[in-house]
Amino acid sequence: MVSIDPKAIPGHVACVMDGNGRWAQQRGLPRIEGHKQGEHALFEAVEGALELGIDWLTVYAFSTENWKRPPDEVKFLINFNEEILDRRKHELHEMGVQIRFIGRRDWRVPKGLIRRMDEAAELTRKNKKMVFTIAFNYGGRAEIIDAMKQLMASGVSPDKVTEKMLARQLYDPDMPDVDLMIRTSGEYRTSNFLLWQLAYSEMLFTEELWPDFTRHSMRDAVAEYQSRSRRYGGVTA
Ligand code: IPE
Ligand code: IPE
Ligand code: MG
C-alpha cells in the first residue's frame, strides 16, 4: 500500500466523477447503468476521504451543461440524485458527514430535489468529520456571475472590489480553495467545475472510469498529491 504522510493531507479534494456512460457502454449496457454503479464509487470516495482525514470533499454531480443530454438521461439523473439523498442521508449522517450543496437553484431543478437537498443539509448541519459538498446544476462561470450580480447589487464601487469580496459571494463562502482536483476517465479538462476555487489546485487526471473508483484510488491520488511541489507563484527554498 502507498505510504501517506498524515501531516500533509489535502484539506479540500474535488472530484469530477466522469466516465459512467463509457463504463456502461463497454459492457453493452445503457448509460444509466453506469450512473447507478457510480453511486458505489461515490461512497468509496467518501469513505476513503474520511479514512485519510480529508476535511472537505466536493463532487460534481450535474453541470449547468448537462441539461443538453437526452431528456431521459437528464430525468434519470435528477430522480437518481433525489433518491440517493433520500436513501443514504442517514448513513452519511452516522458517518459524521456534513452535506452541503452548490449550484443554481433555477426553475429547471425540481422542487422535490430541492426539498431533499434541504432535508439532507439540515439533518447533517452540525456534523464535524467532513464537509461533503455536492455540486448540482453547478457551473463555475454561473457561480462567478451570480457572485458578481450580488456584489453589484450591494452597491460597492467597482474600484473597491477585491478577490476576498467576490469570494464571499460564492455559493458557499466557507468553502476553501481546492488543494487537489481529481478527474477520472482520461479527460483533461475542468468542464466548468469550481473555476474560482481551482486557481492553485493540483490537478490529477486518471484513466480509471468513475464507477471503478475506490478508496484505494483516493489514497493513490493523495500520495501523488504529496509528491508535488506547490509554489503558488513563488520559489521553493
Ligand atoms: C459522469 O459520467 C456523470 C455525469 C456527467 C452526470 P458521464 O455520463 O459523463 O460518462 P461519459 O463521460 O459519457 O463516459
Ligand atoms: C463533467 O462531466 C460534469 C460532471 C461530472 C457532472 P461531463 O461528462 O459533462 O463533461 P464533458 O462534456 O466531457 O466536458
Ligand atoms: Mg462525461
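Which side-chain atom lies 3.3 Å from an oxygen atom of ligand 2? In this predicted model, a polar side-chain atom of Arg 183 is found at that distance. For Asp 18, the corresponding distance from a side-chain N or O atom to an oxygen atom of ligand 2 is 3.2 Å.

Asp 18 is also placed at ligand 1, where a polar atom of its side chain lies 2.8 Å from a ligand oxygen atom. Ligand 1 is surrounded by 13 residues, of which Asp 18, Gly 21, Arg 22, Arg 31 and Arg 69 are the closest. Gly 21 approaches through the backbone, with an N or O atom 2.9 Å from an oxygen atom of ligand 1. Arg 69 approaches through the side chain, a polar atom of which lies 2.7 Å from an oxygen atom of ligand 1.

Arg 31, one of the residues closest to ligand 1, belongs to helix α2 and takes part in the packing of α2 on α3. Helix α2 spans residues 31-52, and its axis comes within 11 Å of that of α3, with a crossing angle of roughly 30°. The two helices are therefore roughly parallel to each other, and α2 passes α3 in a right-handed crossing. On the α2 side the contact involves Arg 31, Ile 32, His 35, Lys 36, Glu 39, Phe 43 and Val 46, which meet Glu 73, Phe 76, Leu 77, Phe 80, Ile 84, Arg 87, Arg 88, Glu 91 and Leu 92 of α3. Sorted by class, the residues of this contact are eight nonpolar, one polar and seven charged.

Helix α3 (residues 71-94) also packs against helix α4 (residues 111-124), the axes coming within 9 Å and crossing at roughly 15°. This angle makes α3 roughly parallel to α4. The crossing of α3 past α4 is left-handed. From α3, the contact is formed by Ile 78, Asn 81, Glu 82, Leu 85, Asp 86, Lys 89, His 90 and His 93; from α4, by Gly 112, Leu 113, Arg 116, Met 117, Glu 119, Ala 120, Leu 123 and Thr 124. The contact of α3 with α4 comprises six nonpolar, five polar and five charged residues.

A further contact of α2 is made with helix α7 (residues 215-226), whose axis comes within 7 Å of the α2 axis and crosses it at roughly 50°. The helices α2 and α7 are therefore oblique to each other, and the crossing of α2 past α7 is right-handed. Here Glu 44, Ala 45, Glu 47, Gly 48, Ala 49, Glu 51 and Leu 52 of α2 meet Arg 215, Met 218, Arg 219 and Val 222 of α7. Five nonpolar, one polar and five charged residues make up the contact of α2 with α7.

Within α7, Arg 219 was examined individually. Leaving aside residues up to four places away in sequence, Arg 219 touches Met 1, Val 2, Ile 4 and Leu 52. Leu 52 is one of the α2 residues in the contact with α7. The side chain of Arg 219 reaches the backbone oxygen of Val 2 at 3.3 Å. Between Arg 219 and Gln 169, which are 50 residues apart in sequence, the C-alpha to C-alpha separation is 33 Å.

Conventions:
Residues are numbered from 1 along each chain as its sequence is written. Chains are lettered from A and ligands numbered from 1 in the order in which they are written. This is a predicted model: local features need pLDDT of at least 70, side-chain atom pairs count only at pLDDT 80 or more; totals for chains, interfaces and linings use all residues. Side-chain values use heavy atoms; hydrogens and water are left out. Axes are lines fitted to C-alpha atoms, for helices over the stretch in contact, and angles run from 0 to 180 degrees between N-to-C directions. Helices (H or I, at least four residues) and strands (E, at least two) are DSSP runs, numbered from the N terminus. Angles under 35 degrees count as roughly parallel, over 145 as roughly antiparallel, 65 to 115 as roughly perpendicular and the rest as oblique. A crossing is left-handed if the near helix is turned anticlockwise from the far one by less than a right angle, and right-handed if clockwise. Contact means heavy atoms within 4.5 Å. Ala, Val, Leu, Ile, Met, Phe, Trp, Tyr, Cys and Pro count as nonpolar, Asp, Glu, Lys and Arg as charged, and the others, Gly among them, as polar. A residue is near a molecule or strand if one of its heavy atoms lies within 4 Å of it. A polar contact is a pair of N or O atoms within 3.5 Å; within protein, one must be able to donate a hydrogen and the other to accept it, and residues adjacent in sequence count only if both atoms are side-chain atoms.
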